[in-house]
Amino acid sequence: MAAVASGLYVGVRCRLCLTLTGQWTGLCGKAPSRFYSGSATLPKIEGANVTGIEEVVIPKKKTWDKVAVLQALASTVNRDSTAAPYAFQDDPYLIPTSSVESRSFLLAKKSGENAAKFIINSHPKYFQKDTAEPHIPCLMPEYFEPQIEGISEAALKERIKLKKVRASVDMFDQLLQAGTTVSLETSNSLLDLLCYYGDQEPSADNHFQQSEKSEELEEAIEENNEKSKKAGHQFGVTWRAKNNAERIFALMPEKNSHSYCTMIRGMVKHRALVQALNLYTELLNNRLHADVYTFNALIEATALSMNEKLEDKWNKILELLKEMAAQKVKPNLQTFNTILKCLRRFYSFGRLPALQTFREMKAIGIEPSLATYHYIIQLFYQHENPSKGSSLIIYDIMNELKGKKFSPKDPDDDMFFQSAMRVCSVLRDLELAYQVHGLLNTGDNWKFIGPDHRRNFYYSKFFSLLCLMEQIDVTLKWYKDLIPSVFFPRSQTLIDLLQALDVANRLEVIPEIWKDSKEYGHGFRDALKEEILMLMARDRHPPELQVAFADCAADIRSTYESQDARQTAPDWPANALNYIAVLFLRGGRIQEAWKMLGLFRKHNKIPGNELLDEFMDSAKASNNPAQAIEIVKLASAFSLPVCEGLAQRVMADFAISQEQKEALRDLTSLTSDSDSDSDSDIGEGK
Amino acid sequence: MAAATLPAWLALQPAARTLRAFCTAVSPATRSAIPSPRTAGRTSRYERPLRRKALPPRTEKMTVDLDWPSVYPVAAPFKPSAVPLPVRMGYPVKRGVPMAKEGNLELLKIPNFLHLTPVAIKKHCEALKDFCTEWPAALDSDEKCEKHFPIEIDTADYVSAGPSIRNPKARVVTLRVKLSSLNLDDHAKKKLIKLVGERYCKTTDVLTIRTDRCPLKRQNYDYAIYLLTVLYHESWKTEEWEKEKTEADMEEYIWKNSPSEKNILETLLQIKAAEKNLEVNKEELLGTKEVEDYKKCVVSLKNEGDNEETLSQYKESVKKLLKLM
């Protein structure tokens with residue numbers, strides 16, 4: 001029965017009818033998860049008139065699985081482009097406004113869950129009541145302490161199962177001291193445990209943080225190397241010599257191939273590469289066979305070893321592959337992916353072998369995963385240098401991938417879309433980008449977009465490409481669709497969008513973009529604000545638009561002011577002051593424009609010449625000689641060379657009194673004096 | 001830029017995975033990544049970090065032709081920021097208007113059907129058509145359904161949000177059948193009706209059996225069918241002691257051997273005796289038309305009760321019988 005999450009009780013009536021003939025046929029209008037006992041027989045009702053009834057054909061009942069109805073209903077709805085991702089509370093106050101915030105909100109949620117799980121697991125006796133029907137095992141407390149006491153193999157097995165490294169090693173030693181032999185299987189599983197964790201205790205906090213930690217490290221490195229997609233995480237050698245694993249390995253009376261294999265894999269995982277290769281030769285000497293996972297590890301070991309030339313490494317890998325074939329071990333997807341991953345280090349030398357590997361993979365019949373294509377893209381487009389002439393392999397790849405649906409097969413599957421979009425952005429090819437995006441939206445492929453920062457990277461690149469290459473209407477539609485429900489734009493993305501608007505001459509959208517930028521937390525990015533102001537102030541526009549721009553400028557000014565208030569050394573960029581003043585003038589806010597002039601002196605920034613001209617025009621329009629003189633005073637205060645020209649204009653255009661003329665001449669003489677004193681060239685140039 | 005350094009900082013302190021990291025990351029409590037959030041403490045005027053401002057509601061971004069079932073795909077509480085309608089609800093203060101939708105608890109309390117607009121229902125039905133089979137072509141009228149499938153079973157399923165999916169009310173099974181579709185003769189029908197008692201409705205001729213004594217629906221269904229079977233068979237049998245059925249047990253009035261018959265016979269005999277007409281034959285007397293008529297009226301009066309029609313018919317028949325007209 002479908003459990004709809006609602007507080008309502010919904011009763012569904014079902015009509016079940018029976019025929020007169022005594023057969024059980026149920027006409028069910030809902031999921032037939034119930035069936036009635038076939039043993040209750042309906043007696044023949046005597047005298048039933050069977051002849052003369054026409055044939056009633058009851059169609060066969062359809063069956064479906066438990067979630068089929070829900071999936072069918074889900075297919076009728078699409079993504080809501082105004083809503084934040086469903087994990088957040090849908091309230092204007094609680095929706096995150098930047099990617100930092102969204103990450104911290106999700107972490108907060110997860111940490112709450114972890115804290116609850118931790119409490120439940122630490123005090124299991126308080127959480128025994130179970131009201132859930134049917135029983136939900138994952139909500140019950142888990143037991144992390146070993147229950148079996150005493151020294152026995154069963155106790156050892158239990159500790160291995162609970163992943164207690166130290167305790168199981170101690171138990172093993174105790175068993176050996178007591179003289180009991182430990183079976184090969186148990187020793188192997190102990191070796192597995194030790195090699196997997198590298199002889200260190202798994203993170204004591206809890207079992208759900210382990211993977212997060214390694215993911216964090218990986219992401220930190222990824223972010224630092226965002227532009228250059230260099231391979232690999234250098235863990236550093238964490239395999240201590242003569243640690244417990246090696247000791248126990250030496251103590252084991254009989255070793256089978258599983259023991260060797262697990263040791264080799266552990267060594268490679270913890271970067272004890274030389275020992276791994278040595279152990280492999282020992283394995284061969286004992287005439288044992290390695291399995292495919294061990295071969296994968298060995299290939300990785302060969303590629304990571306430091307001191308050899310590329311051709312030697314490649315030859316060694318080829319030898320390993322030959323041995324694999326000789327031992328009749330079939331390669332799997334991981335084998336080829338490992339080879340391709342290692343080839344990345346070989347730079348351009350690795351291109352031909354990569355293609356050979358790929359063809360081999362296809363020939364054997366192994367379906368490549370997204371990670372395969374990711375490595376190939378990395379190899380061929382490693383350095384972003386389109387002038388060198390990039391290969392066209394991305395087009396072949398996209399053609400091959402069209403319409404395919406993938407399932408997760410390799411941990412690196414989620415890096416494909418990021419690298420593909422990066423290549424599209426480098427090649428400046430919008431069609432290709434649409435193809436990649438189409439692939440992302442096929443079936444379940446959206447799951448491969450990866451964690452937050454990768455998704456942001458992908459969409460930032462995609463959107464920047466759209467701004468660059470696509471028509472403005474389509475770009476604006478994408479803007480509304482993607483932002484902010486899919487990703488939060490960086491200020492650079494917004495600047496790209498503004499430039500696209502500029503090219504398409506759609507500057508009236510700018511106030512809206514500014515409003516959105518404030519929402520996404522870019523209200524304090526100087527570069528963005530200057531770009532906006534510059535675009536608005538550059539040309540003259542029709543009056544309503546001018547008013548809208550003036551409002552926007554006032555808004556930006558208030559952000560500067562609030563920024564001011566919080567800093568001891570206020571700092572307004574000169575350009576911003578210029579633009580804001582111009583916009584106020586043109587938008588009809590004369591008073592505020594004059595206030596801006598005052599700010600110039602306060603912040604000690606020089607007003608531009610065109611600005612002063614415009615102020616003069618506005619003073620003339622309002623026929624206010626006092627203001628005109630103000631301007632000249634300001635110009636002279638900054639010792640601007642244009643001061644004289646302004647003074648002359650004042651005298652020509654305005655009706656001023658004699659003292660004012662005197663004052664003006666003084667001012668101009670001051671300036672010209674100081675000019676001639678300091679630099680005669682400028683005075684002459686004027 | 002602060003935005004870029006913050007995640008790296010978070011990453012490099014893996015131990016701070018818990019509340020500590022999240023606290024310090026959000027502690028400026030401002031929406032934007034201000035370049036120098038820590039200088040908030042230095043200036044004397046603005047020591048308190050700025051309060052987080054709420055975003056404008058989503059309704060401002062909604063266009064007129066948006067896909068509403070995508071905004072409310074499932075039953076969800078009323079979200080004033082997501083519903084672009086200017087609804088008001090609540091008892092107004094004097095000379096006021098009902099409260100607006102923001103923060104309105106009344107709108108939250110009531111169930112809403114924003115997820116089931118006609119457009120959404122149409123889409124759902126389209127999607128669910130794949131799960132349905134066709135209606136049999138031969139059953140194109142109610143009578144035919146009655147004829148082929150006389151027994152009707154009613155069950156109810158209950159769905160709710162909660163830890164348990166079981167609901168004890170779901171075990172009830174109701175079986176309805178018209179007695180006319182069962183093969184019963186007069187005696188069997190009367191016996192069946194006596195056996196079931198209240199479960200039979202005379203006006204609609206429907207026998208309703210409602211079972212809930214077993215814990216599972218399946219078991220209750222089997223029990224109901226079993227009951228029907230047993231009733232049917234039992235009503236066809238005739239027991240020894242049924243012969244002792246008295247008049248008080250009779251469901252309807254029968255003229256034969258009734259006191260009314262005897263009375264009228266006596267009366268008629270007395271009339272005949274008064275007329276010095278001694279050769280009378282009881283059967284002949286009873287066979288006359290007036291007596292037949294009288295019998296019919298009495299039967300209808302007794303069976304159907306007193307109403308204008310029956311009483312007037314009785315009056316007429318008595319008059320005729322006693323030759324009073």
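A disulfide here is a pair of cysteine sulfur atoms within 2.5 Å, and a search of the whole structure finds zero of them over all chains. Keep in mind that this is a predicted model, where local features need pLDDT of at least 70, side-chain atom pairs count only at pLDDT 80 or more, and totals for chains, interfaces and linings use all residues. Residues are numbered from 1 along each chain as its sequence is written, chains are lettered from A in the order in which they are written, and side-chain values use heavy atoms, with hydrogens and water left out.

**Chain A overall**
- Chain A has 30 helices and one strand, taken as DSSP runs (H or I, at least four residues, for helices; E, at least two, for strands).
- Of its 686 residues, 45% are buried, meaning under 20% relative accessible area with a 1.4 Å probe, protein chains only.
- Take the contacts (heavy atoms within 4.5 Å) in chain A between residues at least 6 apart in sequence: 68% join residues at least 24 apart.

- Beyond its neighbours within four places in sequence, A:Phe615 contacts A:Ala581, A:Leu585, A:Ala593, A:Trp594, A:Leu597 and A:Ile631.

- A:Cys138 is exposed at 54% relative accessible area, the cut-off being over 50%.
- B:Cys201, at 30%, is partly exposed, which is the range in between.
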